[in-house]
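Subject: Structure handover

Hi,

Here is the structure for you to look over. My notes on it follow below.

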Amino acid sequence: MTRYGFIGTGSMGSMLVRKFTGSGIIAPADIAASSKTGISSRALAEKTGITAAPSNTAVAADADVLFICVKPAEVRSVLEETQGVLGQEALIVSIAGSVSLANLVKWAGPDHRFVRVIPSVAAEQESGISLVAWGRGIKPEDRALVLKLFNAIGTAVETDEGNFDLYADLTSCAPAYISAMMRELASAAVRTGTIEPPLAEYLLRETLIGTARILDNDSTGFDTVITRVATKGGNTEEGVKVLEARLPAVFDGVLCATRKKRQATAERLTGKR
Ligand SMILES: NC(=O)c1ccc[n+]([C@@H]2O[C@H](COP(=O)([O-])OP(=O)(O)OC[C@H]3O[C@@H](n4cnc5c(N)ncnc54)[C@H](OP(=O)(O)O)[C@@H]3O)[C@@H](O)[C@H]2O)c1
């Protein structure tokens with residue numbers, strides 16, 4: 001029987017626990033979790049039947065697989081705190097952005113095996129991508145286990161850690177980007193003074209869901225949807241032309257901003273700032 005520990009039960013940690021237990025891939029009895037205040041872990045335990053542990057060390061001491069689900073700035077202290085009690089055979093799964101495998105090794109010690117995963121809130125709907133990068137010494141059974149878990153709540157994509165930042169913009173960040181773009185389209189409609197915000201949001205949300213369902217078909221790509229709707233000489237084509245003229249600079253700016261922020265966070269975490 002594999003024992004799972006979760007340190008951090010905020011937005012992502014609790015989502016993973018809910019989805020892993022809800023999908024039946026992990027039995028609630030096999031999970032213990034802790035959080036800073038204990039409030040979120042106790043609430044999660046009540047909802048899912050897992051155990052709310054009294055401390056991070058209690059979680060780590062009992063874990064074969066330890067999920068680190070705290071903010072990047074907290075990872076070091078959590079790993080140092082649990083170093084003495086975590087079994088040498090334990091696998092550490094960190095979902096923290098900007099915390100490299102090299103830092104995980106430095107902070108938890110070289111004896112463990114590590115994997116980094118960048119999940120997406122889309123896993124809430126058993127879809128979306130979890131990026132997975134393996135550390136040194138990973139065993140075939142670790143790989144099989146982690147892929148089984150994340151494929152149960154979406155799709156796991158294995159990649160080199162060096163690709164994480166860019167790919168994360170297209171996976172874990174993208175739900176926010178897509179929603180921000182839709183909000184701006186709704187706001188533009190509201191600025192015409194002829195539609196109320198709730199109706200504009202409702203119309204767009206339903207359209208977005210329908211578009212995602214059309215795209216949920218291997219043979220349908222973005223270009224196909226655009227060609228189907230923005231027919232030559234039609235009204236939509238004019239709108240798409242505006243987007244094609246202005247959005248490249250916008251998205252170059254988005255990727256540049258997130259790259260800078262990640263670099264700054266990584267430098268702060270490694271003490272370069
Ligand atoms: N949000 C996303 O879409 C997303 C996507 C991919 C990866 N991530 C990564 O996931 C990680 C968690 O993000 P989040 O959005 O879930 O953050 P969050 O909602 O703020 O949750 C953070 C959790 O960490 C707990 N915590 C903080 N310090 C702790 C400590 N010293 N010991 C034990 N628990 C501690 C907090 O406890 P309390 O509940 O008591 O405050 C909380 O449960 C981050 O590293 C982020 O980079 C997030």
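Strands β4 (residues 65-68) and β5 (residues 91-94) pair in the parallel sense, over four bridges. Two strands count as paired if DSSP finds at least two bridges between them. Strands are DSSP runs of E with at least two residues, helices are runs of H or I with at least four, and both are numbered from the N terminus. I68 has S94 in β5 as its bridge partner.

Two notes before you go further. This is a predicted model, where local features need pLDDT of at least 70 and side-chain atom pairs count only at pLDDT 80 or more, while totals for chains, interfaces and linings use all residues. Residues are numbered from 1 along each chain as its sequence is written.

The sheet:

β5 also pairs with β6, again in the parallel sense and over four bridges. There, I92 stands opposite F114 in β6.

β6 (residues 113-118) is largely enclosed by the rest of the structure, because five of its six residues are buried. Buried means 20 or more other C-beta atoms within 10 Å of the residue's own; exposed means 12 or fewer; partly exposed lies in between; C-beta atoms are placed from the backbone.

The pairing of β6 with β7 (residues 129-134) is antiparallel, over four bridges. V117 has V132 in β7 as its bridge partner.

Overall, eight strands form an open sheet with mixed pairing, in the order β3-β2-β1-β4-β5-β6-β7-β8. β3 (51-52) and β8 (155-158) are at the edges with a single partner strand each, so one side of each has no neighbour in the sheet.

R136 sits in the loop between β7 and α6 (140-151). R136 is exposed, with 10 other C-beta atoms within 10 Å. From R136 to V115 is 21 residues in sequence, and 8.8 Å in space, C-alpha to C-alpha.

The ligand:

What surrounds the ligand? The shell has 28 residues, and the closest are G8, G10, S40, A96 and G97. A residue is near if its C-beta atom, placed from the backbone, lies within 6 Å. α1 (11-22), α2 (39-48) and α4 (72-82) each supply at least two shell residues. The largest share, four residues, comes from α4.

By class, the shell holds twelve nonpolar, 13 polar and three charged residues. Ala, Val, Leu, Ile, Met, Phe, Trp, Tyr, Cys and Pro count as nonpolar; Asp, Glu, Lys and Arg as charged; the others, Gly among them, as polar.

Best wishes
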